[in-house]
Amino acid sequence: PVENLLEIRKIAYESLNQIPHAILILDAIEWLKKHKGITATNWHWHPHQTRKKNEPDLSLTVDGTRIVSAEATTSENPVGKIDERMSATLKDLNNLRDMGGDLFYFVRTPKMAERARIKILKYGMKIEVVDLSATD
């Protein structure tokens, strides 16, 4: 029946949507290793979650000390709901500052990076935005 096909499409769509997010998080780890000199390997990642306030997409804790908290988005253009979601995500990430460590927001387009930097400046946050499309 049609209902079964619709359910299969829903499951497949969600899985296909999460694959680029997982790859972006892995690319973020490589970037952090290369550009921040991080050698630890005990990363915690949550590639399939959707915005949990106390659990970033990516974190690194060494000997009980948080070193990195990061969020990543594969969205391309910061308009409408995507722009609203960016604000909420940046605020949630900024609230993790009390846990210690550096905060990062990984994106894959210059438009997303520019918009995130504007929001971070406006809200007085200390989050480093990394556009992975612009790195080697």
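Colleague: Is Ser59 buried or exposed?
Modeller: In this predicted model, Ser59 has its place in strand β2, and its relative accessible area comes to 4%. Buried means under 20% relative accessible area. Because its value of 4% lies under that cut-off, Ser59 is buried.

Colleague: Leaving aside neighbours within four places in sequence, which residues is Ser59 in contact with?
Modeller: Contact here means heavy atoms within 4.5 Å, and neighbours of Ser59 within four places in sequence are left aside. With that limit in mind, the residues in contact with Ser59 are Trp43, His44, Arg66, Val68 and Ser69.

Colleague: Which strand is joined to β2 by five bridges, and do the two run parallel or antiparallel?
Modeller: Strand β2 covers residues 58-62, and the five bridges lead from there to β3, which covers residues 65-72. One of the residues to look at is Val62, whose bridge partner in β3 is Thr65. The strand joined to β2 by these five bridges is therefore β3, and the two run antiparallel.

Colleague: What is the order of the strands in the open sheet?
Modeller: The sheet holds five strands with mixed pairing, and its edge strands, each of which pairs on one side only, are β1 (43-45) and β5. From one strand to the next the twist averages 20°. Read across the open sheet, the order is β1-β2-β3-β4-β5.

Colleague: Which strands does helix α1 touch where it packs on the sheet?
Modeller: Helix α1 takes in residues 2-36, and its direction makes about 130° with that of β4. Several residues of α1 are buried, including Gln18, His21, Leu24 and Trp31, and what covers the buried residues of this helix includes strands of the sheet. The strands that α1 touches are β1, β2, β3, β4 and β5.

Colleague: How many residues does α1 supply to the largest nonpolar core?
Modeller: This core has 18 residues, and those that touch the most other members are Leu32, Trp43, Leu58, Val68, Phe104 and Phe106. At least two residues of the core are supplied by each of α1, β2, β3 and β4. The largest share comes from α1, and that share is six residues.

Colleague: What is the handedness of the unit made by β4, α3 and β5?
Modeller: Strand β4 (residues 102-107) and strand β5 (residues 128-131) run parallel and are joined by four bridges, and Phe106 has Val130 as its bridge partner in β5. Helix α3, residues 110-123, belongs to the β-α-β unit together with these two strands. That β-α-β unit is right-handed.

Colleague: Is Glu128 buried, partly exposed or exposed?
Modeller: Glu128 has its place in strand β5, and its relative accessible area is 31%. Buried would need a value under 20% and exposed a value over 50%, with partly exposed in between.

Colleague: How many Å apart are Glu128 and Tyr105 in space, C-alpha to C-alpha?
Modeller: Along the sequence, Glu128 and Tyr105 are 23 residues apart. Not counting residues up to four places away in sequence, Glu128 touches Trp31, Lys36, Leu103, Phe104 and Tyr105. From C-alpha to C-alpha, the distance between Glu128 and Tyr105 in space is 6.2 Å.

Terms used: Residues numbered from 1 in each chain as written. Predicted model: local features only at pLDDT ≥ 70, side-chain atom pairs only at ≥ 80, totals over all residues. Heavy atoms only, no water. Right-handed = clockwise from strand over helix to strand, strands pointing away. Axes fitted to C-alpha atoms, helices over the stretch in contact; angles between N-to-C directions. Core = buried A, V, L, I, M, F, W, Y, C linked by side-chain atoms within 4.5 Å. Buried < 20%, exposed > 50% of the residue type's maximum accessible area, 1.4 Å probe, protein only.
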